[in-house]
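Let's take a walk through a protein together. Have the sequence and the 3D view open, and look for each part as it comes up.

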Amino acid sequence: QVQLQESGPGLVKPSQTLSLTCTVSGSSITTNAYVYNWARQSPEKGLEWIGYITYSGTTYYSPALKSRTSISRDTSKNQFTLQLSSVTPEDTAVYYCAVWGATINAFASWGQGTQVTVSS
């Protein structure tokens, strides 16, 4: 079973870049069983999908966030990373990493989530 753990700063200043890492255990991120996603949730916007990276490194982003988003991976550490630039207080949310299971056609596992607050 795949397990996920988010890590990164809990406080980011406006205009800076938010950077979070998801450490994957139980499966290699280079196998084609899963697609690796980032999402966030806030009281104002609900659950919002941010983007994903595939086992081969292909990325796809939400059109609403595409201009500010970058998802990358470190295969040696079995991790994938989210960077969101030019943040504002509206980017305050609980951020989650999650894996989409290709064989079950559903989300197979979620991280516990990490609170990120954008404030000066």
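## A network of charges

Keep in mind that this is a predicted model. With that said, let's start with the charged side chains. Side chains of opposite charge can pair when their charged atoms come close. A search of the whole structure turns up 3 salt bridges, and Arg40, Glu48, Arg68 and Asp91 are linked through them in a network.

Start at arginine 40, which pairs with glutamate 48; their closest N and O atoms sit 2.8 Å apart. Is arginine 40 buried or exposed? Arginine 40 is buried, because its relative accessible area is 3%, under the 20% cut-off. Glutamate 48 comes in at 18%, so it counts as buried too.

Now turn to aspartate 91, which forms a salt bridge with arginine 40, again with closest N and O atoms 2.8 Å apart. Aspartate 91 lies in the loop between β8 (79–84) and β9 (93–101), while arginine 40 is in strand β4 (residues 34–42), so this pair ties together parts that are 51 residues apart in sequence. Aspartate 91 has 2% relative accessibility, so it counts as buried.

Aspartate 91 has another partner: arginine 68, with 2.9 Å between the closest N and O atoms. Arginine 68 sits in the loop between β6 (59–61) and β7 (69–74), so its pairing with aspartate 91 ties together parts 23 residues apart in sequence. Arginine 68 counts as partly exposed, at 22% relative accessibility.

## One disulfide

How many disulfides does the structure hold? There's 1, and it is formed by cysteine 22 and cysteine 97, with sulfur atoms 2.1 Å apart. Find cysteine 22 in strand β3 and cysteine 97 in strand β9: the pair links distant parts of the chain, 75 residues apart.

Both cysteine 22 and cysteine 97 are buried. The torsion about their S-S bond is about 65°, so the disulfide is right-handed.

## The nonpolar core

Next, head for the largest nonpolar core, which has 26 residues. Those with the most contacts inside this core are Leu18, Tyr36, Trp38, Phe80, Leu82 and Tyr95. Which strands supply at least two residues each? They are β3 (18–25), β4, β5 (46–53), β8, β9 and β11 (114–118).

## A patch on the surface

Finally, look at the surface, where Leu47, Phe107 and Trp110 form a nonpolar patch. Together these residues have about 290 Å² of accessible area.

Phenylalanine 107 is found in strand β10 (residues 106–110). Is phenylalanine 107 buried or partly exposed? With 34% relative accessibility, phenylalanine 107 counts as partly exposed.

How values were computed:
Residues are numbered from 1 along each chain as its sequence is written. This is a predicted model: local features need pLDDT of at least 70, side-chain atom pairs count only at pLDDT 80 or more; totals for chains, interfaces and linings use all residues. Side-chain values use heavy atoms; hydrogens and water are left out. A salt bridge is a side-chain nitrogen of Lys or Arg within 4 Å of a carboxyl oxygen of Asp or Glu. Buried means under 20% relative accessible area, exposed over 50%, partly exposed in between (1.4 Å probe, protein chains only). Helices (H or I, at least four residues) and strands (E, at least two) are DSSP runs, numbered from the N terminus. Patches are made of residues with over 30% relative accessible area and no salt bridge: like charges are joined within 9 Å, nonpolar side chains (Val, Leu, Ile, Met, Phe, Trp, Tyr) within 5 Å. Accessible areas come from the Shrake-Rupley method with a 1.4 Å probe; for residues, only the protein chains shown count as cover. A nonpolar core is a set of buried Ala, Val, Leu, Ile, Met, Phe, Trp, Tyr and Cys residues joined through side-chain atoms within 4.5 Å. A disulfide is a pair of cysteine sulfur atoms within 2.5 Å.
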